[in-house]
Amino acid sequence: MNTLMNVLQQTWAMTLEMAPYLLLGFAIAGVLSVLVKPEMVQRWLGGRGWKSVVKATLVGVPLPLCSCGVIPVAASLRKHGASKGATTAFLASTPETGVDSIAATWGMMGPLFAGIRVMVALVTGLVAGALVEKFADDSPEASPGTPKVTDGTPPQARPLSIGQKLNDAFTFGFITLPRDLALSLTLGLLIAGVISAVVPPDSLGEGWTHGILAYLAITAIAIPMYVCSTGSIPLAYGLMHAGFSPGAALVFLIAGPATNAATITTMSGLLGKRAIALYLASIIGCSWLAGFLLDQFVTTDAIMSGHAAHSHDAAQGWLSLNLIAAILLVALLGWALFTRLRERLATSAQSCCCSSDEGCCSSGKCTSGDQRLTIEVEGMTCINCSASIKKNLSKMTGVSSVVANAKTGLVEVHGRDLDEVALRQKIIDLGFECSANPQA
């Protein structure tokens, strides 16, 4: 019982410290989601050459996209004319940071660590993009453009009012983004709490927690693992509590969010094996070099002692800013986890109902006479991808319901007078793969 209470106390202490910075990051991310649209990014980065690599890196750093959510955006960039180098630069720099994770890193590990993390993300993006631009084949045959359709494509949306923009910013910042981060962030906080409560400091021995062996062990774990840039922060703190050097923690903060099995397999088909190999080499090389340099000047005790003092200050007072922010954060994450579970259950029930040929299932009821289209989609690898497709297709004319299954890669659209060409083109415009011609 004492151990459990200690775990909960350590988890709550980290939540208190991260909460104000995370909420600030969510707010800024919401504003960015309104100001920076995917089509704007495509227009800025849709060219070739070194300038596109630099722009892709600079644009990618503040965007709040995880290593899975960045896949369709990067794929869309490639299809809209971006070079392999620019696409790789965006793919490397974007998931390593984001306004939310930068703010949270500042709060938990200090401004120096946060600044170093941003600088490493910039350098990694530039190096990866430059290497791919120089050594990877970028002939038109290697990446054919996506065919465009003109018939049945929905007209462009009218400009949003200020009220609609504020609503969209709030929805993305405090509903969509927390839902995307809820599971990984919650698990990260709990795992870090367990490590802090159970593992004695410096219990692993310096031979395994410092230097090349530590970097190698962390990299082997981080490369295939899915962890977002924000959820990686408490895990990195837990590693330092267990005795790992700040440099090893930095390797995890860079390599963890920038890579995972889904990113590697999906993007290898789009960019080619050579580009992905250069991408991984850049991530590993830059993170190791940055970790080594950091270990020469910063000690674990310096970061941990600063965290302990900050945690003590954050816990003072029942009505402190940290406490109010922590309560709001827990509420946001709790609601996000609940809605994700509810959507998963609803999707399962709807798929079962709609498996018959009697018609479409909407709110648990099947109606005869409705159309059902099944579209195979490549690149829809996570719940966030499927949610994006479902949200956008549901707004189209004639659509009554959409079931997007990330596990099978299939999207079922139900409704009347459906325009299949327009539906497929909408999926392509979102950055996923499917034939624009239903007869192809």
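How many helices and strands does the protein have?

**View 1. Overall content of the predicted model.** The protein has 18 helices and five strands; helices (H or I, at least four residues) and strands (E, at least two) are DSSP runs, numbered from the N terminus. Of its 440 residues, 50% count as buried, where buried means under 20% relative accessible area with a 1.4 Å probe, protein chains only. This is a predicted model, in which local features need pLDDT of at least 70 and side-chain atom pairs count only at pLDDT 80 or more, while totals for chains, interfaces and linings use all residues. Residues are numbered from 1 along each chain as its sequence is written, and side-chain values use heavy atoms, with hydrogens and water left out.

**View 2. Helix H1 against helix H8.** The axes of H1 (residues 2-35) and H8 (residues 162-198) come within 8 Å and cross at roughly 155°; axes are lines fitted to C-alpha atoms over the stretch in contact, and angles run from 0 to 180 degrees between N-to-C directions. H1 is therefore roughly antiparallel to H8, a term for angles over 145 degrees. The residues of this contact comprise 23 nonpolar, ten polar and two charged. Here Ala, Val, Leu, Ile, Met, Phe, Trp, Tyr, Cys and Pro count as nonpolar, Asp, Glu, Lys and Arg as charged, and the others, Gly among them, as polar.

**View 3. Helix H5.** H5 (residues 84-93) is mostly covered, with ten of its ten residues buried. Among these buried residues are Lys-84, Phe-90 and Leu-91.

Methods. Angles under 35 degrees count as roughly parallel, over 145 as roughly antiparallel, 65 to 115 as roughly perpendicular and the rest as oblique.
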